[in-house]
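Subject: The structure you asked about

Hi,

Here is the structure I promised to pass on to you. Have a look at it first, and then read my notes below with the picture still open.

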Amino acid sequence: MSAPLLEVSGLRVAFATEAGLLQAVDGVGFELRAGEVLAIVGESGSGKSVTAQTLLGLGRSPGARIEGSVRLGGEELLGAPEETLRRVRGERVAMVFQNPMTSFNPVYRLGSQVAEAIRAHRPGTSKAAGRARAVELFEAVGIPDPERRVDAYPHEFSGGMRQRAMIAMALALEPELLIADEPTTALDVTVQAQILDLLARLNRERGLATLLITHDFGVVAEVADRVAVMYAGRVVEEGTLDQVFYEPQHPYTWGLLGSTIRLDRERPRRLAQISGAPPSLLALPEGCAFRPRCPHAFGECPQVPELRARLTDSPGHRDRCWLAPERKRELR
Amino acid sequence: MARFAARRLIGLVAVLFAVSVLLFVVFTVLPAQNPAQQLAGKNSTPQLVASIEEEWGFNDSVPEQYATMMGKVLTGGLVSYRPRVNVLEQIVERAPATLSLSIGAAAIWLVLGLALGYLSAVHAGSWLDRLLTGVAIAGVSIPVFLIAPVLLYLLSYKAGIFPSAGYEPLTGNPWQWLTHLILPWFTLAFLMIGIYGRVLRSNMLDVMNEDYVRTARAKGLSERRVMTRHVLRNSLIPIVTLFGLDFGATIGGTAIITESLYSIDGVGNYAAQATANFELPPVMGVALYGAFFVVLFNALADIAYAYLDPRVRLGEAPRS
Amino acid sequence: MAPDSPPAAPERARTRGPWALAGRRFLRNRTAVAAAVVFALIVVFVLSAPLWADRVAGTGPNQSHTLEKIEVGGEERDVVSVEGLPIGPQWLGAGGKFFLGADGRLGRDEMVRLMYGGRTSLLVGISAAALITVIAVVLGLLAGYFRGWVDTAIARTLDVIWSLPVFLIGLSVGVSLALGGLNLGPVELSGGSLLIPIGIIAIFSLPYVARPVRGQVIALSEMEFVEAATAQGAGPLRLMWSEILPNLASTIIVFATLTVANSMLFEAGLSFLGAGVQPPNSSWGLMVSNGVGLLNTQPLLAIAPGLMIMLTVLSLNLVGDGLREALDPRSAARVEVRGGTIPAEGAEGAL
């Protein structure tokens, strides 16, 4: 087994706000291997977006306190000088954001914005070469009539097209890792499927490792190899797609899956809901963060459960729940 | 783009027409006094009044009066009566002074205002930021006729650093030209520095929070490129418009009080002197001249905006 | 086991209305409060004009004392010297007479004039602002609510006024009317009437308030609570009065304050050039123009009224800013100076 491409451990991000210290990410760790698709799933407020942005040092606001380690191919990124991060961004790790409508600068043509990404890392690139590459990339992501489209302005594109253009721009320097932060959330359902297909295809054809952030399990099922479920700033379950879907070990995951309509099960009379609301990140409950909403809470729960594998035959499947595996099978 | 420009310029003509009608009404219809009497001014004689009535056709119908007046204006026949000078000639003669004042002040307020705005956006919340806010509020609150007399009294009369009055043409003596204009330039610029700084600061703070700036960073652009090609480029667009309007207004002679206080014989001062003597034709002439430039620059500013922001050009998002 | 005593009643949540909250926010803003105090002092200052004139200076604002002498520290001094130079500020040396000196050849008491002139300046400024606010709100409501041709007519007119060099044109109107007064149909005003500058300022400053109000009304009228009220059968008048207007309140308050400042600057500019307040009335702007001629010998004659204008406008701007922060930190009450912030056009017009 080769060394993982991306190793995150002990990541903690807190923001100093007027109302107190907001712990957005509380000890998150995961690994991503080359060519793998890891999906991070969670509700809003779970800390998944903050995690994603912190990886590239994009969330550096003055009030942020960041600890932990983010290693890309062995190189430590957290706390690295700006110049190091700048080199990594776009060239080794590319990022695609949630809102394609506002992610492009409206006053420049799309092609030139793609070329700008290229020139940031290959300064000698001529205008013609940049444009040609942009056309190539547009074609690779399935934008029709790329020769003409490259000269268009962002507002002339639909949302789906703009997201494709974003992905094209991300691929410009052939990065090793693509971080996609809720890439389909702002899009129509039909367009969502197209973008996910595109991401899956890019992963297959180019071996592009992908970190996919989403709140939608349906999206996860389409593309992911492995899944990490986040809640209140922590990873509460982690495993392969099959493991998490068919043998979920954490009550929160049960809740999430239960509220998803699945084709492989009988349609429930009512969609299950997780009662209550996510905790305020300013005042996390003691012990297991899910305890207040968990229908199965018991004596052990006031202690923070570690994230570890509790099933003897699935060492890669880890979770944070004190319940014994047999008991979980009963309750699920 | 061309169609957009054409439309704006046609609009310009329409507005000028409206202004001319307005001024006509103001000068002839509204006043309780006989318009010929008005035009004759303070020290008039009955003969003068009668001859004015003939010349301007005040005995004709209202639309005809308007036609006569506009004829006079457009053919440069607008004349003031005491003393008897051609208004247009006067305006042309005085234009260079106003131009010198406007261009110099504009350069100063742009450079200082934008620099201050940029720095306070980048260091938001710092002492520099608070300084800018202070300057801005002071600029809007301290009227020209306080600044000018104070500056003149302290720096010109008492300290003798700057000459006190008048305008020296550039072609005559460049150094004199400069020293005579420094105080007026800064007086005029003082108000604007604060405004432009605040506008740029506000725009930059908004833009810096935009998603596309985050995208630019994520692409690996250097901080400098992010600030210039993305933040500044987008923040400056509304300022181009604002500058177009303000510069047009300044050239158009709205710096009346400044010119008057510093005894600069520009177009604005012409209007000021005429006002003091209750002479109407020069005031009317300057008002039209001013309106022309303001409306022209208004249209130019709109065109520039469309050029800079493709969304407007292609008829998409409304101007933000 | 039964509890010994009933559980303590939960402490009543203390709710505060938005106005009270805003009031507290304002009071926490020390700059704004200081400015409000300064403005109040200025108002008191000008209101005590008759008191000062009677008890201290013993003269009126238009009384000339060219050939008189006053007693200063035991000596007798000419109010206006033989060469025509007026006496300088006596402060309290002559018992309060000619506190700031005499105002020129005519030998009038500058301090008394300052106070009376202030009354006019404030009167014109506040009246104009009141007029502007009322008309702008009405126009904004009509245009923003009814849209269609009403909106087009109103908005176009506002646009035309807004795109003109208002000060120059206001000047033209002022000059024209100052000579002979106004005669338009049933309206007849003499050349010296204060209504003329008030009217000029009002008409030409209208767009600066009306346009933003209109914008807000449009935004508000598209909100759901208006739809809901319409569904309940509320007519347009009722809607405008009880649904939209209250939401405009904070915008209106901020604008009203800032408009007083701008109107005062506009008036000062007009009067300075002679196209505003006419003698025998006096205003601070007029006093500055009178004093400029004597700048080198008696600088106070020009600087004192200029300073008063500045203090008044500055304090009003600070209070307006403070109100804006208190009522809604991100409010829409930004005077739209063709893309800028701060009420600038009024001041710029008086360049």
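**What I found**

Let's start with a helix whose length can be checked. Helices (H or I, at least four residues) and strands (E, at least two) are DSSP runs, numbered from the N terminus.

Before going on, some housekeeping. This is a predicted model, where local features need pLDDT of at least 70 and side-chain atom pairs count only at pLDDT 80 or more, while totals for chains, interfaces and linings use all residues. Residues are numbered from 1 along each chain as its sequence is written, and chains are lettered from A and ligands numbered from 1 in the order in which they are written.

**More on chain B**

Back to H6(B): its buried residues are Leu132(B), Val135(B), Ala136(B), Ile137(B), Gly139(B), Val140(B) and Ser141(B). A residue is buried if 20 or more other C-beta atoms lie within 10 Å of its own, exposed if 12 or fewer, and partly exposed in between, with C-beta atoms placed from the backbone. Helix H7 of chain B (residues 144-158) holds Leu152(B), which is buried because 25 other C-beta atoms lie within 10 Å. Leu152(B) and Pro163(B) are 11 residues apart in sequence, and their C-alpha atoms are 8.6 Å apart in space.

Chain B as a whole has 14 helices and two strands, and 47% of its 320 residues count as buried.

**The sheet in chain A**

Chain A has an open sheet of eight strands in the order E6-E7-E8-E3-E9-E10-E12-E11, with mixed pairing. Strands E6 (93-96) and E11 (308-309) of chain A are at the edges with a single partner strand each, so one side of each has no neighbour in the sheet. Two strands pair if DSSP finds at least two bridges between them.

- Strand E3 (residues 37-41) and strand E8 (residues 209-214) of chain A run parallel, joined by five bridges; Ala39(A) stands opposite Leu212(A) in E8(A).
- Strand E9 (residues 226-231) of chain A pairs with E10(A) in the antiparallel sense over six bridges, and Tyr231(A) has Arg234(A) in E10(A) as its bridge partner.
- These two strands, E9(A) and E10(A), form a hairpin with two residues between them, and Ala232(A) in the turn has a positive phi of about 50°.
- E10(A) also pairs with strand E12 (residues 318-319) of chain A, antiparallel over two bridges, and here Glu237(A) stands opposite Asp319(A) in E12(A).

How enclosed is strand E10 of chain A? Six of the seven residues of E10(A) (residues 234-240) are buried, so the rest of the structure largely encloses this strand.

**Where the chains touch**

Two residues are in contact if their C-beta atoms, placed from the backbone, lie within 7 Å. By that rule, 55 residues of chain C are in contact with 60 residues of chain B. H6(C) gives the largest share of the side of chain C that touches chain B, 12 residues. That side of chain C divides into 37 nonpolar, 15 polar and three charged residues. Ala, Val, Leu, Ile, Met, Phe, Trp, Tyr, Cys and Pro count as nonpolar, Asp, Glu, Lys and Arg as charged, and the others, Gly among them, as polar.

Chain B also meets chain A: 20 residues of chain B are in contact with 21 residues of chain A. H9(B) supplies the largest share of the side of chain B that touches chain A, six residues. The residues on that side of chain B are six nonpolar, five polar and nine charged.

**Some backbone details**

In chain C, a cis peptide bond joins Pro279(C) and Pro280(C), with omega of about 5°. Pro280(C) lies in the loop between H9 and H10 of chain C. Arg147(C) is not a glycine, yet has a positive phi of about 50°; with 14 C-beta neighbours inside 10 Å, Arg147(C) counts as partly exposed. In chain A, Asp145(A) also has a positive phi, of about 55°, without being a glycine. Asp145(A) counts as exposed, with 10 C-beta neighbours inside 10 Å.

Cheers
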